[in-house]
Amino acid sequence: MSDCTVYIDEAGDLGIGRGTQWFVLSAVIVDKAAEQQIRAKIAQIKTKINVNEIHLRKITDFNKRGLIVRELGTEEFTYMNVLVDTKKFDRAKIPSPIIAYNYVCKYLLQRVSWYLEDRGKVGDIMLSARGTSRDGELIDYIRDKLLPYPGNSINAAVFNKISAKTAAEWDMLQLADVCATTMFLTYEVNGYGFSVPCYSIALSNHLYQKNEKIDSYGIKFFTSAMKPDTNALKATRICAKKERTPGTTTT
């Protein structure tokens with residue numbers, strides 16, 4: 001009997017050397033008892049902003065996005081993310097996006113298993129389906145290769161069923177879309193030269209923490225070299241506080 005469901009979705013393009021710079025794979029863990037209330041909140045949001053589905057990359061209006069994260073931020077869930085800077089892949093070690101995705105999935109499920117194990121819970125895994133053969137291949141990979149292998153540092157005993165559905169079929173996956181996309185927008189620089197962290201900040205109290213640490217738990221970079229420079233990141237954020245030039249005065 002499972003206590004919760006682990007909803008997994010992604011944002012960005014993992015294509016190495018093409019597409020987006022950042023790729024994010026997120027897992028949102030929701031207790032079964034909390035699902036009905038979250039689904040009701042999702043339905044309320046969709047009615048208020050007049051959409052059939054919450055797909056954040058398609059909802060570009062700042063205020064609508066803000067409303068979505070504000071409203072969902074009042075619900076009970078925990079999420080974690082693995083972030084990949086696709087410009088910093090070692091292609092000699094990871095030559096293809098599929099191999100890269102498998103590694104990213106391993107890191108994500110490690111963290112999910114740590115969370116569940118610490119709380120004595122068992123979870124079902126639900127993947128966001130893409131409607132291709134890759135959906136079934138990924139389920140087989142997780143079930144037959146990723147979970148059983150002890151070297152992956154994943155406690156297979158904390159997982160139960162593994163399935164895949166589209167976000168249109170199962171609205172709880174829309175919560176996973178929001179978590180993945182807001183984290184993606186935090187790091188991906190848009191066409192105007194900005195990244196937008198304010199949405200993920202609104203959800204930051206839901207990030208997985210272990211020993212009061214988010215780094216490497218709620219937010220895990222694929223390699224340490226992919227962790228962005230703080231000053232470079234601030235330069236892309238219009239809302240970041242600017243350092244005053246020494247010797248200047250204000251009137």
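Student: What are K41 and E75, buried or exposed?
Tutor: Both are buried, a word kept for under 20% relative accessible area, with exposed being over 50% and partly exposed in between (1.4 Å probe, protein chains only). Bear in mind this is a predicted model, where local features need pLDDT of at least 70 and side-chain atom pairs count only at pLDDT 80 or more, while totals for chains, interfaces and linings use all residues. Residues are numbered from 1 along each chain as its sequence is written, and side-chain values use heavy atoms, leaving out hydrogens and water.

Student: What makes K41 and E75 a salt bridge?
Tutor: The term asks for a side-chain nitrogen of Lys or Arg within 4 Å of a carboxyl oxygen of Asp or Glu. Here N to O is 2.8 Å, so the pair passes the cut-off. This pair links distant parts of the chain, 34 residues apart: K41 is in helix α1 (residues 32–49) and E75 in the loop between α2 (62–72) and β3. Helices (H or I, at least four residues) and strands (E, at least two) are DSSP runs, numbered from the N terminus. K41 and E75 also belong to a salt-bridge network with R70 and E71.

Student: How many salt bridges are there in the structure?
Tutor: Eleven. Another is K121 with D31, at 2.9 Å from N to O. K121 lies in the loop between α3 and β4 and D31 in strand β2, so this one ties together parts 90 residues apart in sequence.

Student: Why is D31 called partly exposed?
Tutor: Its relative accessible area is 29%, so D31 falls in the in-between class. R143 and D144 form a salt bridge as well, with 3.1 Å between the closest N and O atoms. R143, at 41%, is partly exposed, and so is D144, at 46%.

Student: And why is S113 called buried?
Tutor: S113 has a relative accessible area of 1%, so it meets the buried cut-off. S113 sits in helix α3 (residues 97–119). Leaving aside neighbours within four places in sequence, S113 is in contact (heavy atoms within 4.5 Å) with S153, I154, N155, V158 and F159.

Student: What does F159 pair with in the sheet?
Tutor: F159 of β5 is the bridge partner of G123. Strands count as paired if DSSP finds at least two bridges between them. Five bridges join β4 (residues 123–128) to β5, and the two run parallel, so they qualify as a pair.

Student: What makes β5 and β6 edge strands?
Tutor: The open sheet of six strands runs β5-β4-β1-β2-β3-β6, with mixed pairing. β5 (159–165) and β6 (219–221) each have a single partner strand, so one side of each is left without a neighbour in the sheet. From one strand to the next, the twist averages 20 degrees.

Student: How does helix α4 lie on β4 and β5?
Tutor: Helix α4 (residues 133–146) lies across them, at about 170 degrees to β5. Such angles run from 0 to 180 degrees between N-to-C directions, with axes fitted to C-alpha atoms, for helices over the stretch in contact. α5 packs on the sheet too, touching β1 (4–12), β2 (22–31), β3 (78–85), β4, β5 and β6, with its direction at about 40 degrees to that of β1.

Student: How exposed is F194?
Tutor: F194 is partly exposed, at 33%. F194 lies in the loop between α5 (172–187) and α6 (198–202).
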